[in-house]
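Subject: Structure for you to look at

Hi,

Here is the structure we talked about. Please open it and keep it beside you while you read my notes.

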Amino acid sequence: MDASTSVRYFQESNGDASFGACSYGEGGNTAGRGAKVSLVGLEKRFDAVGAVCGISLEIGSGEFLTLLGPSGSGKTTTLMMIAGFETPTAGDIAIDGRSVVGTPPHKRNIGMVFQNYALFPHLTVAENIAFPLKQRGMDRATRARRVADSLAMVQLPGYEARYPRQLSGGQQQRVALARAIVFRPRLLLMDEPLGALDKQLRENLQLEMRRLHAELGITFVYVTHDQEEALIMSDRIAVVNEGRIAQLGPPEELYDRPRNRFVASFIGESNFLSGVVRGIEDGFLIVDCGWAMLRAAATRPAPIGSAVTLTTRPERMRFVDPGAMPIGIENRMRVTVRETVFAGERCRYLLRGENGETLILKEQSGAATRRRAPGEMAEIAWAAADTVVV
Amino acid sequence: MSYTGQGTATALIGAPATRPSRHAGAILLVGPLVLYMAVFYAAPVLAMLARSVLDPHLTLQNLVRLAGDEVFFHVFGNTLLTAVIVTLGTLLLGYPVALALSRMRGMAATVTLVVVLLPFWTSVLVRSYAWMVLLGRHGLINEALRGAALIDAPLRMLNTAFAVYVAMIHILLPYMILPIASVLRQVDPALPRAAASLGASPWGVFEQVVLPLSMPGVIAGTLLVFVLSLGFYITPALVGGPRDMMLSQLIAQQVDLLNWPYAACLSATLLAATLLLLLLCQSLPGVRGALRQSMR
């Protein structure tokens with residue numbers, strides 16, 4: 001979308017007094033366009049089963065927040081409560097400071113994109129996108145113009161007269177997106193919108209959604225079970241497990257400093273080693289793992305004598321020659337290679353450590369790296385700073 | 001015989017083996033039914049239709065009589081009017097039931113379905129008699145109203161057009177409810193949610209999303225009820241008055257008088273009217289798709 005269309009898209013809202021709280025700021029300044037969402041002690045029980053058991057979350061204006069978790073974790077239920085399709089059993093939801101728990105869904109002025117697109121099959125693309133504008137009493141001419149702008153924004157110009165059944169999955173999803181934002185909501189909810197698409201299409205749309213988010217400046221709340229997707233798209237991720245938030249933070253923090261075993265294993269892959277804290281030195285914990293003394297970053301309080309689980313990412317480990325000098329403060333381990341899996345840009349090794357535990361090591365393929373064969377003995381090293389207590 | 005070079009080669013090698021028809025299986029399966037229908041349905045109907053112009057010899061006198069028969073036109077008009085009223089009645093009463101049925105799940109859905117289908121499984125004769133019991137001068141309704149001191153003299157409900165409408169609507173309701181419910185069930189449940197999230201009020205969701213999507217079922221149900229109403233016999237015969245006679249009753253009357261050719265002519269008229277109606281509707285856009293969709 002070129003600059004002039006973008007400016008007009010947002011400037012038009014100045015005259016739209018009838019659209020109340022959903023007007024955007026002037027020109028290209030995106031500050032303040034998104035809604036602030038506040039979830040306080042949200043709970044939802046279905047009969048005796050607790051789907052959501054106490055979720056509290058502050059979502060900032062214009063933030064891209066992802067609710068990430070396995071099936072049944074409560075993330076979709078939470079989204080449905082924000083949208084108004086489920087009533088919380090306890091707790092409150094406030095949007096821009098006003099509680100919305102008593103407001104029916106059609107009055108909440110929130111955009112929503114569903115997993116199966118939910119396009120109206122009996123309406124054309126233009127009629128689908130104009131639907132929310134029609135509910136708000138907009139006149140035909142303005143509707144047509146907004147529809148055209150929306151389609152341009154999702155890169156489907158000229159598709160007005162088609163019917164949903166004539167579109168591919170990716171195109172349908174983009175129309176669903178256009179429909180959800182055409183009425184300038186301050187909050188957009190998305191329930192696993194890319195789940196039904198193939199990998200290539202998904203990746204393209206992920207980037208498009210990020211671009212759209214940057215352009216629109218509104219708050220996005222995204223639900224997915226795909227951790228890679230969450231890492232790519234989000235400003236912050238709330239990892240949800242069994243109705244509670246396991247960890248909340250920016251992608252890098254969740255990846256480098258997981259706070260518990262669930263987050264460490266759900267996001268990316270992790271190696272786990274257990275031991276007992278023996279002391280602290282230079283800001284690193286000294287952990288006795290039985291077969292070796294390892295050093296770990298003191299990311300959380302761990303009194304001496306306490307049992308801890310350490311975790312390291314497989315790609316932070318590397319093979320070393322037995323006599324090589326350590327780089328910084330390192331942990332070392334002797335291993336036997338059990339399995340070698342070549343995956344194009346990477347090689348993935350399954351190793352058996354001295355303690356009998358299985359470890360995963362991921363190495364970038366390159367001219368300098370020598371692929372190790374199963375059965376080989378080797379030594380691996382990784383930085384103590386990359387070893388985290390969970 | 002003369003051979004071309006190719007022909008000789010073919011003749012020497014022999015004709016290529018014929019592949020068994022792909023449709024052989026389908027033909028074998030459908031064959032018996034088609035045969036049955038042809039012998040016990042198509043043939044008698046055609047024979048009956050033929051009687052209207054061939055008995056006792058090729059003649060158009062029955063058609064001429066038909067054209068000048070005032071009773072026929074009155075009865076035909078009444079038949080059409082009754083069919084329209086009954087169709088509208090079943091639509092107005094049946095649509096909400098279909099809507100509710102499509103939203104139910106589990107036990108509630110099963111029970112409701114059984115309640116809707118029960119009249120199906122009861123003989124239409126029994127049901128018509130039941131209406132006589134209900135609507136009669138000393139029937140249940142009148143007795144209840146008199147017992148509650150709401151009326152002094154019994155209301156005249158039986159042997160009226162009102163009775164015919166009520167009874168026919170009751171009997172034909174399942175034919176309207178089931179196609180509509182079937183189509184409504186196929187509607188993606190996310191659609192009403194999407195409409196609500198986009199700002200449509202509950203009535204707006206119904207009017208703009210649910211109703212248009214239910215149209216195939218409505219069309220199928222309407223067609224079904226209308227066509228069935230045209231040919232109804234027992235119910236109007238039992239609960240209707242002499243002025244509410246429908247075409248089938250007229251045909252029966254002629255048969256009673258042993259006036260077979262004229263009866264055949266009247267039947268042909270009924271058949272022609274029905275076929276004409278179906279043909280007309282089929283040509284309307286979307287109706288064929290509607291019928292196909294509601295039969296799933």
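In chain A, 65% of the contacts with a separation of 6 or more are between residues 24 or more positions apart. Two residues are in contact if their C-beta atoms, placed from the backbone, lie within 7 Å. This is a predicted model: local features need pLDDT of at least 70, side-chain atom pairs count only at pLDDT 80 or more, and totals for chains, interfaces and linings use all residues. Residues are numbered from 1 along each chain as its sequence is written, while chains are lettered from A and ligands numbered from 1 in the order in which they are written.

Chain A has nine helices and 20 strands. These are DSSP runs, numbered from the N terminus: helices are H or I with at least four residues, strands are E with at least two. The C-alpha trace of chain A spans about 75 × 50 × 40 Å along its principal axes.

Of the 390 residues in chain A, 38% are buried. Buried means 20 or more other C-beta atoms within 10 Å of a residue's own, again placed from the backbone.

Now look at helix H9 of chain B, residues 190-197. Its buried residues include B:Leu191 and B:Ala196. The buried residues of H9(B) pack against helix H2 (75-83) and strand S6 (111-113) of chain A, and against helix H10 (202-230) of chain B. Just after H9(B), B:Gly199 has a positive phi of about 110 degrees.

Next, A:His106. This residue sits in the loop between strands S5 (98-99) and S6 of chain A. A:His106 counts as buried because 20 other C-beta atoms lie within 10 Å. Leaving out residues up to four places away in sequence, A:His106 touches B:Ala196, B:Gly199, B:Ala200 and B:Ser201.

Best wishes

Terms used. A residue is buried if 20 or more other C-beta atoms lie within 10 Å of its own, exposed if 12 or fewer, and partly exposed in between; C-beta atoms are placed from the backbone.
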